[in-house]
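Have a look at the structure first, then read on.

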Amino acid sequence: MHEENEDFGALERALGDSLGVRSAPEGFADRVMARLPRKPERAATPWWWSIAAAVLLMVCGGAYWQHAQQERIAGEHARAQALLALRLTAAVLNDVQQKVVVPGKGETE
Amino acid sequence: MEHAEFRQIVVEHQARVFSIAYRILADRGVAEEVAQDVFLALYGVVDGLASADHIAAWVRRVAVHRATDALRRRPRTLHAAGQLEDWMAQCSPEPAASAQTLSMERLLLDLPAMQRSLVLLRYQEDLTPDEIAATLGMPVATVKSYLQRALKHLRTRASETWKEYMRHA
């Protein structure tokens, strides 16, 4: 039994020593890579595509800026009108107040 | 995965995969076909493998399965003297293949395909019986039983070769 175990031990050592990996054949990796499915190539972007994109960006940006300016002007005009209306109202109210509440000149009902 | 990255994986594992296929099939040409097929299959799944260890386990398992399938489809025996000499001639071109290696490889061919596969995973890949069981999806007890049988068979068939090896060890 002991001898049998020794035999197996020696055989296992022999197997381990003898069965190192063998080298793959020369050029094996190249042949594998040559068989891989090709990835679809992305179509190259034309040179003028970047220029057209930049021009479009500038046009859109300019149109937005102009619109923003117009909004600002309209807003200021509306604000001026509102202030004028307030001044007029204040003047009318002042005038009414003068006529209604003046001590000694016509009793209020 | 990018081709450049995959190529590195091929280079890392090509010797292992080819060795498993070659030592199961004993035919250099068929072994290379099988080994290439293993990597082509790997390319389809590699993005789903979590780590380098997973890749190694995957290629071992698939190499064993594909080589044993190929052997089953193309059974061959090397007991006829002419075939054995042809086999020895085709596997000797590598200067690094020692006489002991060639002897052991010849002995392996006496084993049934499953025992041969387990011996390769145990002694070429240095896996424990538990690791072999996990790699192939087999019970550990079955792996140990097959390995025991394989060693007994090899010892019986190899007595002369083994004694020669021990004399020079």
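Searching the whole structure over all chains turns up 12 salt bridges, each being a side-chain nitrogen of Lys or Arg within 4 Å of a carboxyl oxygen of Asp or Glu. Side chains of opposite charge can pair when their charged atoms come close. Keep in mind that this is a predicted model, where local features need pLDDT of at least 70, side-chain atom pairs count only at pLDDT 80 or more, and totals for chains, interfaces and linings use all residues. Residues are numbered from 1 along each chain as its sequence is written, chains are lettered from A and ligands numbered from 1 in the order in which they are written, and side-chain values use heavy atoms, with hydrogens and water left out.

**Salt bridge between the chains**

- D30(A) pairs up with R7(B), with 2.6 Å between the closest N and O atoms.
- That pair crosses from helix α2 (residues 28–35) of chain A to helix α1 of chain B; helices here are DSSP runs of H or I, at least four residues, numbered from the N terminus.
- D30(A) is partly exposed at 44% relative accessible area, and R7(B) is partly exposed at 32% (buried means under 20%, exposed over 50%, partly exposed in between, using a 1.4 Å probe and protein chains only).

**Salt bridges within chain B**

- E105(B) and R23(B) meet at 2.7 Å, N to O.
- This one links distant parts of the chain, helix α5 and helix α1 of chain B, 82 residues apart.
- E105(B) is buried at 2% relative accessible area, and R23(B) also counts as buried at 2%.
- R22(A), R23(B) and E105(B) are linked in a salt-bridge network.
- R72(B) and D69(B) form a salt bridge at 2.9 Å, N to O.
- R72(B) and D69(B) sit three residues apart in helix α3 (residues 52–73) of chain B, so about one helical turn separates them.
- R72(B) counts as exposed at 60% relative accessibility, while D69(B) is partly exposed at 33%.

**The interface**

- Chain B puts 44 residues into the contact and chain A puts in 28 residues, with contact meaning heavy atoms within 4.5 Å.
- About 3,500 Å² is buried between chain B and chain A, and carbon and sulfur atoms give 64% of that; buried area is the accessible area (1.4 Å probe) that two parts lose on being put together, summed over both.
- Four salt bridges are counted between chain B and chain A.

Terms used. Helices (H or I, at least four residues) and strands (E, at least two) are DSSP runs, numbered from the N terminus.
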